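User: I would like to learn how to read the features of a structure one by one. Please give the general idea each time, then the case at hand.

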There are 2 protein chains.
Amino acid sequence: MILIVEDDRMLMMGLQVALKTKGSQVLQAGSVREALSVYDQQAGSIDFVLLDMRLPDGTGMEVCRHIRRRSSVPIIFLTACDDEKNAVEALGSGGDDYMTKPFHLRELLARMDAIRRRSAPQREKKTIFRVGENVIDIRKGRVERQGKEILLSAVEYRLLLVFLQNRGQLLRRNQILSFLWDDGGEFVNDNTLTVYIRRLRQKLDDESGRQIETVRGMGYRLREDS
Amino acid sequence: MILIVEDDRMLMMGLQVALKTKGSQVLQAGSVREALSVYDQQAGSIDFVLLDMRLPDGTGMEVCRHIRRRSSVPIIFLTACDDEKNAVEALGSGGDDYMTKPFHLRELLARMDAIRRRSAPQREKKTIFRVGENVIDIRKGRVERQGKEILLSAVEYRLLLVFLQNRGQLLRRNQILSFLWDDGGEFVNDNTLTVYIRRLRQKLDDESGRQIETVRGMGYRLREDS
DNA sequence: TGAGCAGGTGACAGATCTGTCACCTGCTCA
DNA sequence: TGAGCAGGTGACAGATCTGTCACCTGCTCA
């Protein structure tokens, strides 16, 4: 099921017809408010989101942040030309791609396919992870090293989960902030993340060296299993 | 791989030969100390544990508790006749069955098969659970109701996980204590569990009624999805 | 090579969590 | 029907966590 968030009725109609013709079901929302409400009710069945940047009661980024805190469903931003700067930023905040209006439907469909292909090798549902000598069992909410439990606070544990679900990938500070804090990290001090990274490192690091790498100017990355 | 914890060398030899003949690999341990060490190193590959009750440096229950905090691998206790009272208690602490020595190998093998069959329908690796109107995503370590995050403390969250992994099953207070506290719950006040049950209920319960049921004199049970 | 800045560090105040207590409620059985 | 007890409740002290601060370190570029 595809969620389209778009206040231009003509465009909405066009997209809807095109996507339905391709065999997809469609959900509509015309505002930030409506998008959040529809998303929360249907989250489980939505497998793609098309997201207008400018909405009558806010921006697509707000919707994107809301969704990204809950799911990794693909999101494509639809933007007017002069939104382009915003759109690029939006990618950092969790979008997978963006299209500048007006665009050819065929191109949109092609990009959707590309993104689907890219995310197709469904991450297997691992529930036990190894980070250095630490073993994390998310079904038990337990972290241990050499059989000894490592106690993590709630925020530390969730920070670790964010890294595990995106292992080996560079995560920007903004992305991590928005995963961890409900307000999208807008209202927490940037240094707070730095401090939690440090705390997590202190608990996880062993002789095998630093597990969470700093990518200067970019963000952090959890080392792939060595 | 089967872990045998037994200090009687003759019995150990017998079991080992019999199990190897049936195509199983075997790990040995002759004491509590050794059992814990072997278990911690091989936890991932052990799929059955035979556990003598009386060991030179302690009891099988200690080993059982250690393992149960980490895994639901099947455990059969091997007990001398006059241990029987303990053995029954041991089942409460997480054992799946017990055999009174001396026993027929054939009977042991039959019981092992029975337990394997019982646990065969591998619980699928769900990572998203619903409890009443609450949605728990263990890959994100998040609990929410109607899109609004419910904040759980570390102990509350792990208590919830214990229930989720044993949904619909009656959990005895002792079992829960040993899942949650590293000392097997021996050194925490019994009322502490009652209090955490209450706190978790306060956060999870909604109009659809109580999710964690009390089974008086027995323990607690998390309601199956209605 | 040193200015500027991204990220690291140690310490802190206030918030929350943890485990216990004393006491309450209400089930169950004689 | 009421004694006895399993489990529930509200409040609490001390421990831990949370987020911020002021300042430090060390990379990167002109």
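Analyst: We can begin with strand pairing. Strands (E, at least two residues) and helices (H or I, at least four) are DSSP runs, numbered from the N terminus. Two strands pair if DSSP finds at least two bridges between them. Here, strand E10 (residues 142-145) of chain A and E11(A) are paired in the antiparallel sense over two bridges. Within E11(A), Lys148(A) is the bridge partner of Arg145(A).

User: What should I know about the model and its numbering?

Analyst: This is a predicted model, in which local features need pLDDT of at least 70 and side-chain atom pairs count only at pLDDT 80 or more, while totals for chains, interfaces and linings use all residues. Residues are numbered from 1 along each chain as its sequence is written, and chains are lettered from A and ligands numbered from 1 in the order in which they are written.

User: Which sheet has the order E8-E9-E10-E11, and which are its edge strands?

Analyst: That order belongs to an open sheet of four strands in chain A, with antiparallel pairing. Its edge strands are E8 (128-131) and E11 (148-149) of chain A, each of which pairs on one side only.

User: Which strands form a hairpin with three residues between them?

Analyst: E13(A) and E14(A) do, and Gly217(A) in the turn has a positive phi of about 80 degrees. Strand E13 (residues 212-215) and strand E14 (residues 219-222) of chain A pair in the antiparallel sense over four bridges. Opposite Ile212(A) stands Leu222(A) in E14(A). E14(A) is also joined by two bridges to strand E12 (residues 171-172) of chain A, and these run antiparallel. Gly219(A) in E14(A) is the bridge partner of Arg172(A).

User: How do I read the packing of two helices?

Analyst: Look at the angle between their axes, which are lines fitted to C-alpha atoms, for helices over the stretch in contact; angles run from 0 to 180 degrees between N-to-C directions. Angles under 35 degrees count as roughly parallel, over 145 as roughly antiparallel, 65 to 115 as roughly perpendicular and the rest as oblique. Helix H6 (residues 154-165) and helix H7 (residues 173-180) of chain B pack at an angle of about 125 degrees, with axes 10 Å apart. H6(B) and H7(B) are therefore oblique to each other.

User: Which residues make the contact of H6(B) with H7(B)?

Analyst: Two residues are in contact if their C-beta atoms, placed from the backbone, lie within 7 Å. H6(B) contributes Val155(B), Arg158(B), Leu159(B) and Val162(B), and H7(B) contributes Ile176(B), Phe179(B) and Leu180(B). By class, this contact has six nonpolar, no polar and one charged residues. Ala, Val, Leu, Ile, Met, Phe, Trp, Tyr, Cys and Pro count as nonpolar, Asp, Glu, Lys and Arg as charged, and the others, Gly among them, as polar.

User: How many residues surround DNA strand D?

Analyst: A residue is near a molecule or strand if its C-beta atom, placed from the backbone, lies within 6 Å of it. DNA strand D is surrounded by 21 residues, and the closest are Ser153(A), Ala154(A), Asn189(A), Thr192(A) and Thr214(B). H8(B) gives the most to this surface, with five residues. The classes are eight nonpolar, eight polar and five charged residues.

User: What surrounds DNA strand C?

Analyst: There are 21 residues around DNA strand C, the closest being Thr214(A), Ser153(B), Ala154(B), Asn189(B) and Thr192(B). H8(A) supplies the largest share of the surface, five residues.
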